[in-house]
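Could you walk me through this structure?

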Amino acid sequence: MKLDRMIGILSILLQQEKVTAPWLAEKFEVSRRTIHRDIEALCMAGIPLCTEPGQNGGVSIMEGYKIDRTLLSKSDLQAILAGLRSLDSVSGTNRYAQLMEKLSAGSSSLLAGDGHIFINLSSWYKDSLSPKIELLHDAILSCRKVSFSYYAPNGESERIVEPYDLIFQWTSWYLWSWCETRQDFRLFKLGRMTGLTLADTFEKRAAPLPDLSPRRIFSNTLQVKARIQPEYKWRLIEEYGPESFVEQPDKSLLFSFGFADKTSVISWISSFGEGAELLEPWELRQDMRTFADSIRKKYEKPDQS
């Protein structure tokens, strides 16, 4: 795209004293005439570029504006590169890294300068997730509605939405969109969507940014206390932090935290096997006992094989 190329040319000129039009043409895989048109467009936009003919000539930014070369520092560009590489981990391509290579042209140390930060936004279901992201991204850019089947704890439903943003949050990918069924903006988890199909075009409406605060999404209204065996300290630290428990004289861990609903509590306590005991709320202890009895009865049935 012309705009991407012009941004790339400007970024190169901010980092290098002078470059030639043939070099830019080869770098961006276009003709020299196209590069000259881009340079003219940048000049018309108010960027003070100078062109010098001859063997030692080339394109550069006017001397008085060299202070602007600090627009992006090396560390800034390295941070951008880490982010772009993370997008490649989702798409399964090198598209974003190639874009960064164009932006950082002439600074070979930049790409290898910080190889200690790796961000991978893909999941175990990368083969099915990447096509969803590509389709939804195209739908957002082209203002196309999307229809799909959605699977949630309260059941299965068919949805038609106007897509606005793709969001990576809480280790998962979500779509922020206007839902025709709910007549409101909703977050949809990509992992719960199947059968995605592009539908009619739509006129964009004023779309507020989603409130992604944990209190808004996860209403932890159920306060829980539990006694956890010391060998599971690593889990408490990893999942809820060291402030979530107090070590007792017998080395057991008194855990205290908020949960959204009792199903989440029972599932979480059960995942410890005999390594956890629910203490509060008291009424949930009975639900825990009922759940344990149902599991026991199921495995007491004769083998049907």
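## Ground rules

This is a predicted model, where local features need pLDDT of at least 70, side-chain atom pairs count only at pLDDT 80 or more, and totals for chains, interfaces and linings use all residues. Residues are numbered from 1 along each chain as its sequence is written, and side-chain values use heavy atoms, with hydrogens and water left out.

## The sheet

Let's start with the open sheet: 5 strands, ordered β6-β5-β4-β3-β7, with antiparallel pairing. (Strands are DSSP runs of E, at least two residues, and helices are runs of H or I, at least four, numbered from the N terminus; two strands pair if DSSP finds at least two bridges between them.) At the edges stand β6 (184–189) and β7 (193–201), each with a single partner strand, so one side of each has no neighbour in the sheet.

Strand β4 (residues 155–169) pairs with strand β5 (residues 172–179) in the antiparallel sense, over 8 bridges. Proline 163 has serine 177 in β5 as its bridge partner.

## A buried arginine

Arginine 235 sits in helix α9 (residues 233–240). With a relative accessible area of 12%, arginine 235 counts as buried (under 20%; exposed is over 50% and partly exposed is in between, using a 1.4 Å probe and protein chains only). Leaving aside neighbours within four places in sequence, arginine 235 is in contact (heavy atoms within 4.5 Å) with Tyr240, Trp268, Ser271 and Phe272.

## Over on helix α11

Phenylalanine 291 belongs to helix α11 (residues 282–300). This phenylalanine 291 is partly exposed, at a relative accessible area of 33%.
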